[in-house]
Amino acid sequence: MLAPPVAARAERQDIKYQAELDYPPFKYIQNGYLTGFDIDLTSMIFEKQEYLIRYSTGDWEQTYQLLTSGQIDTTGLMAVTEQRKKDILFSTPVFKSYVSVYSRQALKDKVTLSTLANYKIGVGHSQYTAALLQSKAGVSKYIEYPTVPEALEALVKGEVDLLFENQGVVDYLIVEQGLTGNVIRKISNLYPVDVAYGVSTSSPELVPYINARLERLQRSGAFEELYQQYFFTHSAAYTAMINDRIIFGIVIGLCLLLFGIVSIRMYIRRLRRTIHSEQEFFEDVIEHTGMIVWAVSGDGRVTRFNQFAEKMTGLKEREVLGKKLSELPGMDGDVSLLRDLLTRAVYQDFVNNVELKLPEHSPEARFFSIRTTLIKGMDDQDEAVYLLVGLDVDDCKQNELKLQLSYEELESTYEELTATETELQEQLYRLSVSERRLRLTSEGSGAYMWELDWKTGFYKLSERWYEVMGYTEDEINGMENGVLSIIHPDDQASANKARQAHLSGKTPIYETEYRMRTKDNHYIWFEVRGKAIVDPADQLKLFNGSLIDISRRKQAEFKLNNSYQELEATYEQLTATQQELVEQYDMLLENQKNMHRLAYMDSLSNLPNRISLLEAMENYFRRPGGKAALMFVDTDNFKYINDTLGHKSGDILIRKASERLQSLVQGKGMLSRLGGDEFVVFIEDAEDRKAVLTLADDIMRAFRRSILIGESNLYVSVSIGISFYPEDGETTEEILKNADVAMYRAKEEGKGTYVIYDKSMHTAFNERMHIEKHLRSAMNNNEFELHYQPQADIRTGEITGFEALIRWNSPVLGFVSPLSFIKVAEDSRLIIYIGEWVLREACSFMKSIHERTGRLYKISVNISIIQLLQDDFVEIVLDSLKQSGLTPSCLELEITESIFMESFESTVSKLEFLKSRGIRIALDDFGTGYSSLSYLQQLPISTLKMDKIFIDSLADQAYSESFVQTIIVLGHKMGLDVVAEGVEDDSQLAFLNESGCDKVQGYLISRPVPPREVWELLEH
C-alpha cells in the first residue's frame, strides 16, 4: 500500500497560512472556497511570482498553537495584545478594531459597563473579547460559543441577553443575515485595539515585506477599495488622511481669504481716488460744455441744475435744489415746458430731439435740442435719476435755414428739368417696349432675325444664330457669298428661286426651307421668311426676316413619311416599357415590404425579431399602470444537435419549434425569436399570473413530444425563465435580463422546466459571471496547474498510471473547485482551450516521467463533449503526442456515458480512429448514465471506470456489492480493464480484490498531487 507523499519545496517560497473559520467578513467559506477580507488582502500582499500561499483552516486554539510553534508562517489579521506580542511577531497595524455590546431590540433597558454583570453575556470561544470582558469590564461570568456566528444566533434565540464581541464582525453578520432592526447596539466603539498581521517568530523576514506591501497597497488605493467592499465604509487611515487634507485646505483657504481681503482694501482705496478724479472731471465737463443739465429724483425733487441752465432759464441752482418740480415758482413759456418734459420723464414718458429757443424773447436766444432719459442706480439701494439734457444746436439750425432757402431755389429748377426728363423717359419707354416686344416675340418663337445690307451685300444675323452655328460674324462675311455659302448644295437652287421671285414682286412674302452647315459640319433645317421694301423708283430699301430651326420637325416628317413600321415598333416598345415600369414599380413595393420584413421579422422562423420585440415592449411600457409577463424560452442541448446533425437540421429544428410555440401562444401574447435557439413570449395585460404559468406548463408538455427531422424523431426539451413587469424591472433591458437569469437557473436545475425570476438569483448569476470573468484571463496568467492521482494494480500495489486533474489557484478568488468552474468553462466554450492545454501538459509531463524512470506509465486525460465535437479534435490529440514524444498506448482519453448518448454517431468514428492509432479510450463514471448494453457493445473503449458512488455504498448496501461484481464480470467479458474510483478504506480494497477488479484509484492510494510530488510517489 502506498503512503501519501511529503510536499517538496517549490521554486517560489511557500507561505503556510492557516485561517480560523466562521469569522466573517475576515475569513469564511463561500461556494466551496475560502474567502473574506483577510484572504483577499493576503493574496494582494504576497505577490504570486515570489510566494505560493498554502491555505489551510482550523479552530482558533489549534491555529494559534501552530503559529507560536512555527509550524505555520501566518494566520493573517489578528488583534494585537500584550500577551500575543510575547509569543509572535506583528506587522504595522492595519486598522483598529472595536468591541460593541449588542442586544435584541426587545430589550429596552439602558445598558452600561457598570451594569453588564446583571445580564447573561455571550462571547466567541478563545476570542480576545473574553479577556477584555474580564480585565476591562470586570465581568467574569459569561457563556462562550465556538464561533461568533453561533454566539449571534444564541442572542437572536434569547439564550443570552447581550453579545460582547468584535464590532466589525457582528455588524457584517447582522447585514448578511438580515437582522437589521432585530439586533441593535447598546454600547459602541469600546476598547480600541490594533489589528495587524500575526507572523511566526520563525519567519521574521516576512514582517518588513508585509509592511512594505501594505504601505504600497494603501498608497495605490487598492487597500481602501477592498476595505469598502467588505465593511461598506472608509477605513480609519483613509478618514484621517481626508481630515488632514480638509484641515490643510481650510488653512490654505484662510490664507487666500486674508490675502484677498488685503488686496480688495488696496483696490478700494485706488478705486476711490479714481472715482474722485472722475467726479471732478465730470463736474468740469457739465459746467463748461455749453449744455443744459437738469436732474430730478424719482419723487420729482431737483438734484442737479448746472450754471449753463441758470443762464438759459433765469433760475438759480440754490433756489431749485431739493424742491419738487411742482413747487418751483415764476415759470412760464419755454422754461415751464422744460419742467413739463421732466415731469413726463418721471412718469416714464421720455422725449428725444425736442427743439426750444432759450432764453425766450432775447436777442441772444439760441436753439437747443432737448432730450430726457433715466439713469439707473448701480444697485437696488441707489436711487434712479431722471435727467434733462439740452444741447446747443443753434449753429446747426442757422445752417439748416440757409440750406432751406437754397433748396427752394433748386426745387424750381429741378421741376423744369423733371418735366423735360419725363418727356424723354416716355419716349425711351415706348422705344424699349417696342424693342422688348420684338425680342420676346423672336425668342418665344425660336426665330433668329436677319437683315440684308443691300449696299455691302452682307447679311446681319442674331447673335444667338452665331452661337448655334458656331461661326463668328467675320467668318461668315469672309466667305464668297456670305451666309448663302453654307446652304446645303441640294437646297441652293430652290433658295435662290424663292428669293428672286419675291424680290421681283412675284410673291408677297419671301418663304422657303433649306439646310445650313454648322462649323462642325452638321446640317440644321431652317424655315426662312422675309419681306423686302422697295421705294417708288424700284430701289430696294430694306430686306429682313427670320430663321426658325425646324430640324426636329423635319426629322419627325422624315420618320412619318418613311418609317410607319418603325413607328409601330416604337409604339410596341413603349407599351412593353410601360408594362416593365409597372412591373418594376410592383417589384419596388414588394422590396419595400421585404425590407420592412427583414428589419422586423426573423427570416428562418418567420417570427418577429429582437427589434420588433423591443419596440413592442417599449411601446407597452410607456402606458401607465400596465402589467406584463415575459417568458425566455431556450431549447436544451440545441448546440449538440446542431454540431452532430449539421446546421441544416438545426435550422429545421428551429422552424418546427417556432411552429409548435406559435400554435400554443397564438392569441395569448407576442412570440419572437431573439437568435440561435432563444425565443421570447411577451404577454401584455398579464393580470392573472396563473394563466401565465398555465401557458408555461402547456409549452413544457408540448415539447415532450418528439420532433421529426428527416427520418429521425428527436426529443428536445425547453427551459423557461419568467419575469413580470413592473415587479421584476421597469425597463426593457431589466425584464429581458431577469428572465434570462431565471432561464439559466432552470437549466441548472436539470433543464426541461420553468423558473420564475427571484432577486436572489442574481447572487448565483453574478458569482457565475465573476468566475467566467477571471477564467478568461487564467490561461494567459498561468493560473492553472495539473495534479496527478495515481492508479495502482490491485494485485501488486504498484503504480501503473495517473489521472490528470486540473486545479485553479486564482490570485483573486483563491482555490476554485473544478466543480465550480468546469461547467462555466463548458458553457462559455473556454473548455476548448483549457482542455487542449491539459492534454498537451499531461503528455509532456508523462514523457518526462518515462525518460527519468525508464518505465511506461499511462496518463488518463478527461475529455469534454465540447472538445470532442470540434473538427480538429483528432489532429490536436495526434499533435500533442507528436510534440511530446509520448507513446500512443500510454495515453488514455476518459469519456463519460452522457457524451456518447448525446452525440453517438459524430463521436464514435473519431474515437475508433484514435483507438486504431493505439490510444486507449476509457468510459468514465460508468453506471451513472443511461447507456444501454447495445450501445456499450458498439463503443470503441478499452477501460471501464466505476463511479465513486458505487464504491461508497459497498459498506451499507448489500445489493451494491452484487452490482459492482456484475460490472467487473461484464467488463472482463467484453475484454476491458476495470478501474474502481474513490477507494478510501481497506475494506473496499479487499472486496474489489476478491471481485477481480484490475486497478484502483482513490485517497487510500494517494490524493491528487502536484508534479513535484509525483517523483516522491514513484520513489517509494
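**Entry 1: N166**

I looked up N166 and found that, at 4% relative accessibility, this residue counts as buried, where buried means under 20% relative accessible area, exposed over 50%, and partly exposed in between, with a 1.4 Å probe and protein chains only. I note that this is a predicted model, in which local features need pLDDT of at least 70 and side-chain atom pairs count only at pLDDT 80 or more, while totals for chains, interfaces and linings use all residues. Residues are numbered from 1 along each chain as its sequence is written, and side-chain values use heavy atoms, with hydrogens and water left out.

I placed N166 in strand 10 (residues 162–166); helices (H or I, at least four residues) and strands (E, at least two) are DSSP runs, numbered from the N terminus. A polar atom of the N166 side chain lies 2.9 Å from the backbone nitrogen of G168. Setting aside neighbours within four places in sequence, I found N166 in contact (heavy atoms within 4.5 Å) with Y23, F26, S97, Y98, Y128 and T129.

**Entry 2: cavities**

I searched the whole structure and found 4 cavities of 30 Å³ or more, a cavity being a set of points on a 1 Å grid over the protein atoms alone where a 1.4 Å probe fits but cannot get out, with lining residues having an atom within 4 Å of a point. A volume is the space filled by probe spheres set on the points, which are joined across faces, edges and corners.

The largest cavity has a volume of about 190 Å³ and is lined by 15 residues, of which Y23, L77, M78, A79 and Q127 lie nearest its centre. Strand 5 (residues 74–79) gives the most to this lining, with 3 residues. By class, I recorded 8 nonpolar, 3 polar and 4 charged residues in the lining of the largest cavity, counting Ala, Val, Leu, Ile, Met, Phe, Trp, Tyr, Cys and Pro as nonpolar, Asp, Glu, Lys and Arg as charged, and the others, Gly among them, as polar.

For the second largest cavity I noted a volume of about 110 Å³ and a lining that includes W450, Y459, R499 and Y510. Its lining divides into 10 nonpolar, no polar and 1 charged, and the largest share, 3 residues, comes from strand 19.

**Entry 3: helix 34**

I listed the buried residues of helix 34 (residues 986–995) as Q988, L989, F991, L992 and S995. Seen down the helix axis, they fall within an arc of 165°, so they line one face of helix 34; the arc is that of the directions from the axis to the C-beta atoms. On the other side of helix 34, D986, S987 and E994 are exposed.

Definitions and conventions: On a 1 Å grid over the protein atoms alone, a cavity is a set of points where a 1.4 Å probe fits but cannot get out, and a pocket is an open set with protein on both sides within 12 Å along at least five of seven lines; lining residues have an atom within 4 Å of a point. A polar contact is a pair of N or O atoms within 3.5 Å; within protein, one must be able to donate a hydrogen and the other to accept it, and residues adjacent in sequence count only if both atoms are side-chain atoms.
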